[in-house]
Amino acid sequence: MLLVDGEPVTSSSAPSGSSPTGSSGRELVAALMGNPGLCAASERLRATPERRISSGPEGPRNVYVFQREYATVDPARVELVGTDEMTTCVGVIIRNNKTGMISISHMDFPKIVEGGFKQMLELLGGDNAPFDVHAPFDVHLIGAFDDSSTKVVHSSGGKRNKQEGYSHPLCCKIVEVLHKSEQQFHLRSFCVLGNNTTTDSYGNARPIVGGFVMQTSSGVVTPASFEMASRCPDEIVRRIRVSVSSYDPNWKAKLLETYDTRADIFQIAPTRWMPDWAEIAFSLNQLSDSEVLLQCSTSPAAEPPHFVETDRRKWKYLIENPDWEDTFPKYNPRVFHRTNDGNWSRHC
């Protein structure tokens with residue numbers, strides 16, 4: 001069940017005496033968007049200076065998740081946990097206030113929400129604590145700007161293309177699944193949609209907060225962006241999994257496994273891809289930069305400057321590695337251990 005200020009969330013349209021968990025996602029989102037406490041919390045988050053996360057021996061021990069990934073972390077091992085590059089995606093972070101265990105995900109599609117939450121909750125009880133549906137779980141939902149507010153993408157060259165809404169259906173599904181759960185979730189941040197939207201000089205809607213970190217010891221959340229090296233190991237392979245995992249039945253309606261909580265190692269779970277991905281990648285790489293944005297992004301006017309260059313690096317990898325077994329021999333994960341200098345070393 002989803003709670004705000006200790007009380008179950010109810011929609012204004014819910015019949016008197018009806019079950020508090022019977023509201024639809026659309027009704028719940030409308031109720032949450034109008035909640036004064038959540039609006040104030042969003043305002044405070046937006047006003048907080050963005051923290052830049054770097055790596056190295058002096059940097060914090062952090063765990064970062066890319067799109068469609070999740071990780072559960074132990075505060076005894078990890079100082080910061082976070083994600084960025086969110087436009088129409090939602091960053092979800094759940095903290096067990098009894099154990100301090102934290103689970104984070106970067107959700108991108110309604111069909112992975114239900115299974116994704118089951119994955120996220122699996123280890124939140126901690127090693128020595130049984131899972132308790134009445135444990136005080138805090139949840140923060142951040143990202144997913146209101147992409148339905150701008151129907152046309154504008155640029156210096158004029159109007160380019162119609163922009164459909166992706167954020168609202170995802171937010172509706174997330175709050176609906178949380179509210180129907182037996183677990184009690186205390187919603188602390190709802191910085192999404194209209195609470196997380198501004199416009200650029202061309203009139204394009206874009207997110208205000210596109211990334212965040214949580215300090216694991218305190219549970220405090222702040223806006224953040226990550227340097228490339230601070231996003232933890234195996235960047236390109238992890239990004240590729242988002243595109244190709246839909247062809248692997250093992251990842252149907254699931255978040256991608258990335259991090260081993262108990263061992264504090266990155267264990268990049270394997271995924272298969274079809275051989276024709278090399279041909280698809282070659283074809284996509286022939287597109288102009290503006291065509292890449294329009295064809296490969298859910299929010300072409302709101303992407304970070306490195307979006308196109310990142311996609312081209314992914315396609316280059318797929319062209320050079322058409323056989324998935326070259327990347328995941330015998331369908332085994334790619335394992336990385338922390339090094340003393342703050343980097344990662346692959347364990348073969």
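The legends below describe close-up views of one predicted model.

Residue numbers start from 1 along each chain as its sequence is written, and side-chain values rest on heavy atoms, with hydrogens and water left out. Local features need pLDDT of at least 70 and side-chain atom pairs pLDDT 80 or more, while totals for chains, interfaces and linings use all residues.

**View 1. Overall content of the protein.**
The protein has 9 helices and 21 strands. Helices (H or I, at least four residues) and strands (E, at least two) are DSSP runs, numbered from the N terminus. Of its 348 residues, 50% count as buried, where buried means under 20% relative accessible area, exposed over 50%, and partly exposed in between (1.4 Å probe, protein chains only). Among contacts (heavy atoms within 4.5 Å) with a separation of 6 or more, 71% come from residues 24 or more positions apart.

**View 2. A mixed open sheet of 5 strands.**
The strand order is β3-β16-β15-β6-β4, with mixed pairing; two strands pair if DSSP finds at least two bridges between them. β3 (51–53) and β4 (62–64) are the edge strands, each pairing on one side only. From one strand to the next the twist averages 35 degrees; axes are lines fitted to C-alpha atoms, for helices over the stretch in contact, and angles run from 0 to 180 degrees between N-to-C directions. β4 pairs with β6 (residues 80–83) in the parallel sense over 3 bridges, and Val63 has Val81 in β6 as its bridge partner.

β18 (residues 259–260) and β19 (residues 265–268) are antiparallel and share 2 bridges. Tyr259 is opposite Phe266 in β19. The hairpin of β18 and β19 has 4 residues between the strands, and Asp264 takes a positive phi near 55 degrees there. β19 is also joined to β20 (residues 334–338) by 3 bridges, again antiparallel, with Val335 in β20 as the bridge partner of Gln267.

**View 3. Nonpolar cores and the surroundings of Phe266.**
A nonpolar core is a set of buried Ala, Val, Leu, Ile, Met, Phe, Trp, Tyr and Cys residues joined through side-chain atoms within 4.5 Å. The largest has 52 residues, of which Val63, Val81, Ile142, Phe266 and Trp273 touch the most other members. Leaving aside residues up to four places away in sequence, the contacts of Phe266 include Val63, Tyr64, Tyr259, Val335 and Trp344. A second, separate core holds 37 residues, among them Val4, Leu124, Val139 and Ile174.

The structure holds 7 aromatic pairs. Rings of Phe, Tyr and Trp (its six-membered ring) pair if their centres lie within 6.5 Å; planes under 30 degrees apart count as stacked, over 60 as edge-to-face and the rest as tilted. Tyr64 and Phe66 are edge-to-face, at 4.9 Å centre to centre and 75 degrees between the planes; both residues are buried. Together with Phe226, Tyr64 and Phe66 form one aromatic cluster. Trp324 and Tyr331, both buried, are also edge-to-face, at 5.6 Å and 90 degrees. Arg272 lies over the face of Tyr331, 4.0 Å from the ring centre; the criterion is NZ of Lys or CZ of Arg within 6 Å of the ring centre and within 35 degrees of the ring normal.

**View 4. Ala281 in helix α6.**
Ala281 is in helix α6 (residues 277–284). Ala281 counts as buried because its relative accessible area is 0%. Leaving aside residues up to four places away in sequence, Ala281 touches Trp315, Leu318 and Ile319. Ala281 and Leu318 are 37 residues apart in sequence and 6.5 Å apart in space, C-alpha to C-alpha.
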